[in-house]
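Student: Could you walk me through how the helices sit together in this one? I'd like to get there by asking as we go.

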Amino acid sequence: IASLAVSGLTFVTIISGALVAGNDAGRAYNMWPKMTEEYWIPPANVLWELKDPWWRNLVETTATVQFNHRMLGTATAISALSVAGVGLFLLPA
């Protein structure tokens, strides 16, 4: 069941990548691991630029789309490595 969860998380990360490409968020925030030269996480007024309705920020605000994609990618990598580690080292053969 953990592998299905990782597959689902991978799918959501891929969809998030499409939002990044559509917003050209990769061009605006192309530094890693910081989002800009001074911020690891952009200020709230940048992430939540659109006030109404709030959910539009998740798909239309460049900083929010890029930040979500980075967090999803990190969560996907950690989850996949964890599932692989459990499968390789903790489960009986």
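Student: Is the crossing of α1 and α5 left-handed or right-handed?
Tutor: Keep in mind that this is a predicted model. Helix α1 covers residues 2–23 and helix α5 covers residues 62–90. Where these two pack, the crossing is left-handed.

Student: So are α1 and α5 roughly parallel or roughly antiparallel to each other?
Tutor: Start with the angle: α1 and α5 pack at about 155°, and their axes are 9 Å apart. Angles over 145 degrees count as roughly antiparallel. That's why α1 and α5 come out as roughly antiparallel.

Student: Take T13, then. Is it buried or exposed?
Tutor: T13 is found in helix α1. Leaving aside neighbours within four places in sequence, T13 touches H69, L72, G73 and T76. Its relative accessibility is 11%, and the cut-off is under 20%, so T13 counts as buried.

Student: Zooming out, what is the radius of gyration of the protein chain?
Tutor: The chain has five helices and zero strands. For 93 residues the globule rule gives 12 Å, and the chain's value is well over that, so it is more spread out than a compact globule. The radius of gyration is 16 Å.

Note on methods:
Residues are numbered from 1 along each chain as its sequence is written. This is a predicted model: local features need pLDDT of at least 70, side-chain atom pairs count only at pLDDT 80 or more; totals for chains, interfaces and linings use all residues. Side-chain values use heavy atoms; hydrogens and water are left out. Axes are lines fitted to C-alpha atoms, for helices over the stretch in contact, and angles run from 0 to 180 degrees between N-to-C directions. Helices (H or I, at least four residues) and strands (E, at least two) are DSSP runs, numbered from the N terminus. Angles under 35 degrees count as roughly parallel, over 145 as roughly antiparallel, 65 to 115 as roughly perpendicular and the rest as oblique. A crossing is left-handed if the near helix is turned anticlockwise from the far one by less than a right angle, and right-handed if clockwise. Buried means under 20% relative accessible area, exposed over 50%, partly exposed in between (1.4 Å probe, protein chains only). Contact means heavy atoms within 4.5 Å. The radius of gyration is taken over C-alpha atoms; the globule rule is 2.2 Å times the number of residues to the power 0.38.
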